[in-house]
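Q: I'd like to talk through the pockets and one of the helices here. Can we take it step by step?

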Amino acid sequence: MPQDLLTAALAQHVSLSPEQEAAFMAICELREAKKKEFLLRTGEQNHYLYFVLSGCLRSFIIDQAGKEVNLEFAVERYWISDIAFNKPALLSIQALEPTQYAQISSTAFEELTQQQPVFNLFYRKLLQNGYFAFKKRMLSGMTQTAAENYRDFLLKFPTLSQRIPQYHIASYLGITPEFFSSIKSEGLDLYHQAIS
């Protein structure tokens with residue numbers, strides 16, 4: 001099962017031979033994290049790329065006021081990591097629920113890209129997709145209402161609002177939990193209109 005999910009995730013970005021797939025699987029370590037367990041803390045050396053098999057991870061920073069600000073959620077079939085390998089992490093990564101994931105060492109991945117250059121293309125596509133998602137979210141935050149941003153959250157993560165505390169969603173949307181409560185039903189209405 002984990003291998004099938006990883007194979008499908010790779011196939012979204014590159015076409016691989018069975019030998020190339022096997023080489024990638026060989027560098028994947030299957031791990032589990034308990035709820036609230038940290039995979040990475042701000043300032044620690046970042047050595048891994050993570051792929052979520054089940055559960056949910058979040059990346060976040062602490063702002064100047066000491067509040068946690070959620071940057072990203074990674075649920076089943078999502079990749080997550082800090083911005084750069086082998087440097088002090090700019091963000092923290094934590095499990096919001098019991099999570100199974102594949103961990104890929106930056107050193108092993110670098111060796112693999114030297115042997116199989118197709119994985120350079122794979123990584124470049126991951127970075128491009130991440131950059132595009134970040135820019136889209138940033139622009140939406142500047143041009144849409146909070147309710148529209150909540151609609152977009154629900155379109156991207158249809159079941160996550162039932163799995164994690166609401167204050168995490170409010171943080172991700174850049175609003176207070178109180179304001180989130182006031183726009184939640186409007187966002188749900190927009191979501192239902194979008195999927196009907």
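Q: Which helix gives the most to the lining of the largest pocket?
A: Helix 4 does, with 14 residues. This is a predicted model, in which local features need pLDDT of at least 70 and side-chain atom pairs count only at pLDDT 80 or more, while totals for chains, interfaces and linings use all residues. Residues are numbered from 1 along each chain as its sequence is written, and side-chain values use heavy atoms, with hydrogens and water left out.

Q: What counts as a pocket, and as a helix or strand?
A: On a 1 Å grid over the protein atoms alone, a pocket is an open set of points where a 1.4 Å probe fits, with protein on both sides within 12 Å along at least five of seven lines, and lining residues have an atom within 4 Å of a point. Helices (H or I, at least four residues) and strands (E, at least two) are DSSP runs, numbered from the N terminus.

Q: And which residues lie nearest the centre of the largest pocket?
A: Glu72, Gly130, Ala133, Phe134 and Lys156, out of 48 lining residues. The elements giving two or more residues to that lining include helix 1 (2-11), strand 3 (48-62), helix 4 (118-143) and helix 6 (166-173).

Q: How does the lining of the largest pocket divide?
A: Into 28 nonpolar, 13 polar and seven charged residues, where Ala, Val, Leu, Ile, Met, Phe, Trp, Tyr, Cys and Pro count as nonpolar, Asp, Glu, Lys and Arg as charged, and the others, Gly among them, as polar.

Q: What about the second largest pocket, what lines it?
A: It has 14 lining residues, with Lys67, Glu68, Val69, Ser171 and Ile175 nearest its centre. Strand 4 and helix 6 each give two or more residues to this lining, and helix 6 gives the most, with four.

Q: Helix 6 again, then. Why is it described as largely enclosed?
A: Because six of its eight residues are buried, helix 6 is largely enclosed by the rest of the structure; buried means under 20% relative accessible area with a 1.4 Å probe, protein chains only. The buried residues are His168, Ile169, Ala170, Ser171, Tyr172 and Leu173.

Q: How do helix 6 and helix 7 cross?
A: Their axes, lines fitted to C-alpha atoms over the stretch in contact, come within 9 Å and cross at roughly 95 degrees. That makes helix 6 roughly perpendicular to helix 7, a term for angles of 65 to 115 degrees on a scale from 0 to 180 degrees between N-to-C directions.

Methods: Angles under 35 degrees count as roughly parallel, over 145 as roughly antiparallel, 65 to 115 as roughly perpendicular and the rest as oblique. Buried means under 20% relative accessible area, exposed over 50%, partly exposed in between (1.4 Å probe, protein chains only).
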